[in-house]
Every structure is written in C-alpha cells, then in structure tokens.
Amino acid sequence: MATIPHQWSTFSLSIILLSITLFENLTPNSSPPSPNYIVAFRHYAAADRHRAYLESALRPAGWRWIPRLNPAAHFPTDFGLVAIEDPEVVDEIRGLGSVKYVSLDLSYKRGLMTKGQERNKKVGAFEDGTKKRPGKIFTAMSFCEAEEEDEKNVGNRSSSVKWGRELLMQRSQVTSMFGAEDLWAKGYTGAKVKMAIFDTGIRADHPHFRNIKERTNWTNEDTLNDNLGHGTFVAGVIAGVDSECLGFAPDTEIYAFRVFTDAQVSYTSWFLDAFNYAIATNMDVLNLSIGGPDYMDLPFVEKIWEITANNIIMVSAIGNDGPLYGTLNNPADQSDVIGVGGIDYSDHIASFSSRGMSTWELPHGYGRIKPDIVAYGRDIMGSKISAGCKSLSGTSVASPVVAGVVCLLVSIIPEPERKSILNPASMKQALVEGAAKLSGPNMYEQGAGRVDLLESYKILKSYKPRASIFPSVLDYTDCPYTWPFCRQPLYAGAMPVIFNATILNGMGVIGNVESPPTWHPFDEEGNLLNIHFTYSKLIWPWTGYLALHMQIKEEGAQFSGKIEGNVTLKVSSPPAQGEKDPRVSICVLHLTLNVVPTPPRSKRILWDQFHSIKYPPGYIPRDSLDVRNDILDWHGDHLHTNFHIMFNMLRDAGYYIETLGSPLTCFDAQHYGTLLLVDLEDEYFAEEIQKLRDDVVNTGLGLAVFAEWYNVDSMVKMRFFDDNTRSWWTPVTGGANIPALNDLLAPFGIAFGNKILNGDFSLLGEQNRYASGTNIVRFPSGGYVHSFPFLDSSESGATKNVLLTSGSTKADSPILGLTAMGEGRIAVYGDSNCLDSSHMVTNCFSLLRKMLDFTSEDIRDPALFSDSNKQDSPLYEADNQLPSRRTDVNFSAYSGIVGKELICRTDTRFEIWGTKGYRLQVRGRNRRLPGVPVIDLGRGFNSSSVTSNFRRPRLTVRNKDDSLGNRYLGLFYGDEPDAPLLVLGHWMVPVVVAATGVLLLSFWRIRQKRRRRRKGSSSGRLANI
C-alpha cells in the first residue's frame, strides 16, 4: 500500500549502516572495539537520570555510559549513548519499560563533489567498488572555484578534495532572480528569524554577516570555526551582506551548528543532540544541505519528525545523484520536510539534481512526488571561509537558496502572530502553490516548479490556516508534467493505477481525516471510474498521505474518452489557543483522466515489482560490477525510476505496461501477453511456482526473464568491515537471486549459472555490452540458444582466465534462450544492465522488443530463430553445480516471502484484496487485510484453510537420459517443444490415479487367488508324502 513504514527492526537497521573501512586493513578474526548504541527513552529527562535508571536496572559489567559534553547537556534529553561489549546487554536494555528502542550510533560521511566529478558523473561515496569512505552516504558537495592561496592550508581538509581555479561568467545576484529587493524595500529582511544551519560551522568575525547569534560545536573536534568552507557558503546564501554575494535575509539571526568535522564525519548521536538543542532554543528554520538513501535510520528519521512537530520549518537538499531516477535523499524525501532540487539559469533541471518518486512505499504502493520545489543551484555565489565570494553548484546550494527565501517569508508575518500562522505545512503550501511550473521537466523532477518568492509572499499575506492536497491536480492531458501517468491511459481490466498525494495540514500539527474520501464525477462517464482510497486517518506531524487506487469498471471496456471530477477529503484539527471549535477544512484533488478501450492481450505486459529488494534494509549489491563509485542497488528498480527509459520505449512501441507489487498468484494470466521479470532478488512462494507453470503451459502466458550475476565467492570478496556494528558484512544476494530464479524456472528445464560474464558482442545488427551478466546452464532441447565468447570475472572463474594464453580462444557462454512451452513461450537473458538507465553502457531495447514479439505473439525474428542456434539436445548441468543459496545470511530479514504470508495487497485488483489470489485457497472465504472491506469471492475459491509454508521445489532430474526426469511435468527436454503439447487438465489427475489404483487392485486380487490355489494344492501333496 502507499503507507510509509513505521516499524523497524534493529537487525535491519544495523545492516543499513554504511560507515565502513577498507576490509584489507582488518582481518575477520580481529577484535574491533565495542560499538556505541543509542538508547532511546520514552520520555525526556536529565541525562543523569537516564544514566541512573540504567545503572539501577542493569548489571554493571558489559556496558558503560558515554557522557556527551555539548550545549544540549543543560537540557532534558530523550536518549543516551552507551558503549556495549556484551551483546546480551542490548537485549536486557530493550526489555526495560522506559526504553523505546536501541539502535547503533551511525557515523555519517559527506563527500565533496569537484567540478571534474560533476562532469564525469563520478559522484558517490564509493571510490573503486571496494573502498567506501567511513560513514553513511551523504550528498556530495560541489566546489567549483578555488579558495584564496592563503586559505588553502587552513584546517585539516580531506585529501580527496582537489581545489582548482576556474573563472566563471559573471552572473546576476541570485537574490535578484527571485525579486528579493521588492521585499527588502517593504522592510522585510529576515529580522527576528532564528535560522539554524547544520553544517561545518562559521567564523565568529566573518565580515559578511551582521547577526551571528550563536555557534555551537557537536563534533569531537575542539573548534567552532569552519575549516572546510561549506557552512560559511551556506550561511552566505541565506544571510550574507557582501555586495558581490548577497544573501536573501541579511538580518536573519544565524545559529551555526557545527555537526561535521574537518574530515566531514558525523554521528547520529551528534545530530540528535543538536536537534534537541534546536528544539529547546526555539529555532524557526533549519537547513540541512545533506542527504542520503538511508530512510530507515530510525533515530534520525524520528528526530526529524520531532523537529517539525515542534514547528521548526526544515529545508533539505534532495541529493546530487542525478540525472539518475529513484535517487531521492533523506531527509528531503520526508513529507514534513521541504525537499529542494536544483535548476540552472535556463530553468533546466540541473544534471546533478536527484529525481524520481520516493521509494519508501515500494513494492506494494507508489512513491510520493519529490522534490517539492526547485531553485537555482548551479554557479551560485556565496561567502568564502574568511572573506570574498566564490561559486558553488549542487542541491546543497539550492537548499540554502530556499532556506533564505523561507527566512524572508517568515519575517513578513508580525512576530506575535508567527507561530499561529506559520508552520512546516503552511510554509510548504505557500511555496508549492506559488511555484512557477517549468515547461519541460515532469513532476518527479521539478515538484511544483521553481520557487517564486513574490507569489508565495502574496499567499502568506492573506493566509488562513487550512488543509490541502499536493499536488492538487492530476491531469492526464498535461504532458510531460504528469509523466508517467500521461504516458499510459486507463482501461478496464488493468491493475489499479496508484497515485500517492500528500496531505498538508496547516491547521495544526495533528489532524484527522473525518470521513473516507469521496469521488465526485463531473458527468455520467465518471461513474465508470472505481476508486479505492488508502490514507492517513491520523495526520502527524503536519502531513499525511492520500493514495488513489484507480480502476475502470468492466462496463467501460469499450469506452474511449476523458473522465473528470474531484476527490474531496475532510480534515479536522483541534482548536487553536483561544478557539472553541475544531478547525475543519475540505481538501480537493482535481482529476482529468484518459481512458481507452481495453488493449488486446498481446499488447499487455505485467512487470513484477514484488520480488525486487533494494537498499535499504540490506546490503543489496549493484548489478554492474564495472561501476566503481556506487556498490549499492538503491534506485528502486521500478518502471518509473531506473527503468523509466525502458518504460517510455515500450509505450512508444504500443505496449501497455502494468505493475504487480504482490505475489504471482495475484494476477489473471488470461489478460497478459507477457510477464516481465527483471533483476529480481527475492524468493518465491511454492504456490507462485506452480501457478506460473500453469499460466505458461495452460493459459499461454509469455515469460521474459532478464537475470543478473550471482556468485557466492565473489559476494564474499565484496564484503566490507562496518565500523558501526564492528563486524563484517557481505551482500545478502547477488545482482539477482539466481537460486530462487532457478526454482521458478525448474518446471521448464531452465537454469542460470554462477559465472560473471563481461564483454562486447553483436546481435540483431547492433553492438551490445554484456555487463556482469550470468550464463544459461540448463535449457530444453528444441529451443534456440545464443552463445558468445566472454571472460568469466567471478572469483571462481578468475583462475581459469589467468590460464588462458594470448592465443587462446574464449569459451562460448550461452546467454540468450528462447523456447515454446505448452501454450506459452519463454525467453531468458542473463543481464539486465542494458535495460537499467542507472548504469547502462548500451541498451538492448531492440532485443527486448524481439523477445516480447515472440513471448506475446509468437513472432519469430529469423536472426534469433536460425537453425544454427537450435538445440538438438538439452543443455544440462547437475544439481550440485548450480548456484547455491548463502547459508550464513538470515534472508527473512530482507525478504517479503521467507517467513511471510502469501497475500494479495492493495496494488492488485480490488476483488482479490486480502486473498491469496486466483485459483488458490484462501484462509476463510473472506480473508482480508485490516481496514479492507469483506469481499465475497464466490466460486473459484476454496474456503478451506491452507497453510502457506515457504518451500523450495527441487528439480528431480538426475540424468539427462532419464526419460522420466527429463520429461518433468511432461514439458521439457522433448523433441519438439515448439509444437503444441497436449496437457492434461487438473481434473484428469485424480481420474488417472483412481483408474490406475483400480487396475492395480484387480491385478493384486487375481494374483492372491492364484497363490492361494497353488498353496492349497501344494499342501495336499505334502500331506500325502
């Protein structure tokens, strides 16, 4: 569903910690120091009281309290920092009544993005595929211009930062681009606004600032100064007074929170203390020009919620991981935070700006729109460390641009009225409603558009507390802004189209949805639209979600046209001080939808999202091992994130692509030409394996599979030492979960191997790059297999490669297979990087289209179905040679299948919500999800109880000449799999078994009678002797 997860396991939290050191510097048997843990309490109290509580409840050995000597020590706190040597102490602490949770103290690391890195797209926390800077990934910063010569050696800078001189074209002041002078002329300059800047600090005597109120240090270094330059620059964009690099709000009160060391390292505990201090000292606005993909860092995320709940307006950079999709950074991706993307002076989305929907909600739901707004972020002028100005680029620059705008807007409200009018929701309403929508980018690139200071000023001057929905319009006719929705119309029989909007409640920090949302069509055709809603009944802090699950009713199967109407939602909040009645607001979301007649089955493709696992919560490795600057698979693996180019290509080719975020039992195969499985990491329920076999063989479903590398030895080689958990971590699976995929394909006699293949080859008249793909080791006879000479770069294959001499010929490896199977057709390929826009070298869209032509319509391209590629005998590799699962990983911690119940969720057709799916037993006739209405499924479902245990079916083939094993289910290793096969219906099985039993029983009775006769005759003869 579209909800944001609120439950977190400590184990999953620990594995997402990304602070690592080079594993070459340690050995697995080394004894690292004991880790530090954050102990979160259920209430605020003095640190000494929390310490006394633990000392009274725990044994003295195995742990120690770590004092935190910083400005927050004078205020009550809700957490303690504890070093724990004995792991059993962790469980003891978790069992205490006043303890909320226990989490490792994450270290954070922020990298500096040089100009050269920006050009070469080498931004990231990983240097060469095995090295990673200690700490969690954070947004890289851009230093485009050199510091003055006398500042080069100031402080203890990271050696990885290369300072270079670059003369930049003279730009207009960024403040004038937004019309800040108009508000200055009215007397609004940010006065009496408390601005918290969480960064690298600032110097007390800096000439560019007239109102530095306080500097605090939260690091383990004994300095308040900025020795790196970033914190000073951010402060300059917000409140600088130098004529060459003016800030937006020169009279804003600057509170500099030094949360990063000179080496750009920080810890969660430092942030938590600094956040608590910001709350205690009543900050108005807080800027974080930082971010990363780790939205499951519970202490950090919860504290962000607490910050905004205390009416602090938070602004944060959306990330510098563009132009890739699915790269939103946390905390900017949180709905209560103003997430800022970057544009250039031509109003184009900056190439470095992260984009794509949030991925919290996957696989069952759909992401929210982020960033919220965009601002200029390329070649922005700001203050240097000591004096003078310089130019920087990045969303970490666009963020203080918006923070400066926010400070200026806060100052237009008289100080006594600010807290009653301004809050994180009302400020976001003013910004997104006043933003100027850009003509080129879609809403997942630009959000509401470019921030417009003067329009937002007009909105706030007349603002009355209210609730609203962002975005307030979903218009299928507005392309490209509403991409991907405008690219594919609705039609009857499809999976629900999910649109996830954000509820902004400017009436109060807490609110309630008074009654279910309602759909109000503008005309009779609007009744063809069926909408189910999932939403936040409790809105906190300031925001919630509203997800629309939209289907066209069956009576609209031939309808073509537009459906228009409004969705309304009633929100209430408690009365404000001095008010008697609750505050109530009606929110409206306007819909304009395109509808077409239901497409033919051959043009409908179903994308499997359910079996995809991404970072976080586990160490899911990248798919292409050639990519050295990013070792994690964290872009969502969704049609509308890192597969968005493929999605557009398929739409241009006339295909309709739907998404399945539930098990394979939750779709009706009669409606789809092909099921598309790409880069999947999860396991499969036994029921899924059986149903897919039936769908292909009996129902004629096409199956197209794009696999990835999997090699246990190579995974072990990719391990790293995590300096937070003080232990070694290795990938929980490969680029894809080949053992699980082999189980799924076992009924068809198909399996992948454990090679990691790389190389260039030519197919269909195009040059292609095979990037860390795998090989095919089982395939039925009569099928068509394409092999190419590649080197095996896996750990097990490296030795063989070394033995090859310069004159040796590389062995051909099968990588593409196509075969008919009963009524259906199957195509498998060993690499998905050619479809993934994140690290694509060459695309294989032509191959994908040819595969779909075959699987959906049995159209056979002569280049793929030549006699020279036809298999006269099956490919076969013994069971003990197939890739095996890792035995040292608790896969259930990351899986949606292992140890879980098979159930169809709210991304599936309404009629099977909460059931086990089509043609399967359900738990009770009306098994349902919490909050989902009871649906009588009628016939076709068995009301008896069934237990869905996770089982891994094994292929029973022992010898490829064994006729019984080689004809497993009567389907593969046959002489002519291309010809239609007669497949027995389910009703025939018991009939055949019963008939066989009757025959056997008859033969047994006849034989027994004969034995008795012989026995009687023999006894008589013996008696006469």
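Predicted model: local features only at pLDDT ≥ 70, side-chain atom pairs only at ≥ 80, totals over all residues.

**Helix contacts, active-site residues and backbone features**

I begin with a contact between two helices: His230, Phe233, Val234, Val237 and Ile238 of helix H7 touch Ser396, Val397, Pro400, Val401, Ala403, Gly404 and Cys407 of helix H10. By class, this contact of H7 with H10 comprises nine nonpolar residues, three polar ones and no charged ones.

Which residues does UniProt list under "active site"? The entry, which is unreviewed, gives Asp199, His230 and Ser396. These residues are spread over 198 residues of sequence, yet they cluster in space, with a largest C-alpha distance of 10.5 Å. His230 belongs to helix H7, and Ser396 sits in helix H10. Are they buried or exposed? His230 has a relative accessible area of 1% and is therefore buried. Ser396 is likewise buried, at a relative accessible area of 1%.

Let me now step back to the whole chain. The protein contains 22 helices and 41 strands. It has 1025 residues, and 61% of them count as buried. Among the contacts with a separation of 6 or more, 78% are between residues 24 or more positions apart.

Helix H8, residues 268-280, and helix H9, residues 298-309, pack at an angle of about 10°, with their axes 10 Å apart. At that angle H8 is roughly parallel to H9, because the limit for this class is under 35 degrees. On the H8 side, the contact is made by Thr268, Phe271, Leu272, Phe275, Asn276, Ala278 and Ile279, and on the H9 side by Pro299, Phe300, Lys303, Ile304, Glu306 and Ile307. The contact of H8 with H9 has nine nonpolar, two polar and two charged residues.

A third pair lies further along the sequence. The axes of helix H15 and helix H20, the latter spanning residues 845-857, come within 11 Å and cross at roughly 50°. H15 and H20 are therefore oblique to each other, and H15 passes H20 in a right-handed crossing. Here Ile645, Met646, Met649 and Leu650 of H15 meet Phe845, Leu848, Arg849 and Leu852 of H20. This contact of H15 with H20 divides into seven nonpolar residues, no polar ones and one charged.

Thr641 is located between strand S28 (604-608) and helix H15 (644-652). At 0% relative accessibility, Thr641 counts as buried. Setting aside neighbours within four places in sequence, Thr641 is in contact with Tyr325, Gly326, Met357, His635, Gly636 and Ser837.

Another loop residue, Ala736, lies between strand S33 (727-729) and helix H18 (738-745). Ala736 is buried, with a relative accessible area of 1%. Leaving out neighbours within four places in sequence, the contacts of Ala736 are Asp679, Leu680, Ala707, Glu708, Trp709 and Tyr710.

One of those partners leads to my last topic, the backbone. Most residues other than glycine have a negative phi, and most peptide bonds are trans. Asp679, however, has a positive phi of about 50° although it is not a glycine. Asp679 is placed in the loop between strand S30 (674-678) and helix H16 (686-697), and it is buried, with a relative accessible area of 0%. Lys192 also has a positive phi, of about 65°, without being a glycine; its loop runs between helix H6 (180-185) and strand S8 (194-199).

Which peptide bonds are cis? The bond from Phe470 to Pro471 is cis, with omega near -5°, and Pro471 is in the loop between strands S18 (467-470) and S19 (473-475). The bond from Trp483 to Pro484 is cis as well, with omega near 5°, and Pro484 lies in the loop between S19 and strand S20 (497-505).

Thank you for your attention.

Key
Residues numbered from 1 in each chain as written. Heavy atoms only, no water. Contact = heavy atoms within 4.5 Å. Helix = DSSP H or I, 4+ residues; strand = E, 2+ residues; numbered from the N terminus. Nonpolar A, V, L, I, M, F, W, Y, C, P; charged D, E, K, R; others polar. UniProt positions renumbered as here; feature names shortened; annotations may be inferred. Buried < 20%, exposed > 50% of the residue type's maximum accessible area, 1.4 Å probe, protein only. Axes fitted to C-alpha atoms, helices over the stretch in contact; angles between N-to-C directions. Parallel < 35°, antiparallel > 145°, perpendicular 65-115°, else oblique. Left-handed = near helix turned anticlockwise from the far one by under 90°.
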